[in-house]
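Hi,

I am passing a structure over to you, with some notes on what turned up in it. Please have a look when you get a moment.

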Amino acid sequence: VMTIRLPETSDRWAAGDRAGYLAVVRGGIRPIVFLLVPAAAGYVLLASPIVRLLLEHGALSSSSASTTAEVLAAFSVGLPAFGVYLFLMNGYQAMQNTRAMFAVYCVENGLNVLLALVLHPILGVRGLGFALALAYMGGTVIAARDVGRRAGGPVELVPALGATLRPLVVMAVPVAVGSWALRGASGVLLGVGRV
């Protein structure tokens, strides 16, 4: 989505078509969310079987695999925000405004460090995963507001997310049921007990 939209956003910005630029940015957010929300849900639900299948047999102990799975699930919570954040960074590139992009990166990284300092003592290494996820969520909101301000209109993150999430709620039920079934079956097939 980012690669496809960058030339169009660049052309619209260079031509002074701010409304067209905003339309492309808004239109790019929806497919990213549409693809990454189910992916994130799948990773959260299947983190343990994935890690056990790929790493537990020789590479990690059962305890280490469990911790790795918990961290993968924590990171996965922020996957949709991460995708939208990167897309908005492309929006800055289309504007040829690397200074603003750098400032947003600094804020996002600062949030990550601050949240890690707060969450690590409470949640252990999982707190680092949640800190990164939350930092990208915050960075996405900041970038969306700034890109919209610079383009002369709101990016409308919340309505875009809401419109995209409605059909995903319907799709989420069979994905969740399938993931839980696969999760249970993987324990039986891999002989690792309940996962």
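Predicted model: local features only at pLDDT ≥ 70, side-chain atom pairs only at ≥ 80, totals over all residues.

Residues are numbered from 1 along each chain as its sequence is written, and side-chain values use heavy atoms, with hydrogens and water left out.

The chain has 7 helices and 0 strands (DSSP runs, H or I of at least four residues for helices and E of at least two for strands, numbered from the N terminus). Of its 195 residues, 38% are buried (under 20% relative accessible area, 1.4 Å probe, protein chains only).

Now for the pair. The axes of α4 (residues 79-95) and α6 (residues 125-151) come within 9 Å and cross at roughly 30 degrees; axes here are lines fitted to C-alpha atoms over the stretch in contact, with angles from 0 to 180 degrees between N-to-C directions. The two helices are therefore roughly parallel to each other (angles under 35 degrees).

In contact (heavy atoms within 4.5 Å), residues including Phe82, Leu88 and Met89 in α4 meet residues of α6, among them Tyr136, Thr140 and Val147.

Thr140, found in α6, is buried, with a relative accessible area of 5%. A polar atom of the Thr140 side chain lies 2.7 Å from the backbone oxygen of Tyr136.

Best wishes

Terms used:
Parallel < 35°, antiparallel > 145°, perpendicular 65-115°, else oblique. Buried < 20%, exposed > 50% of the residue type's maximum accessible area, 1.4 Å probe, protein only. Polar contact = N/O pair within 3.5 Å; in protein donor to acceptor, adjacent residues only side chain to side chain.
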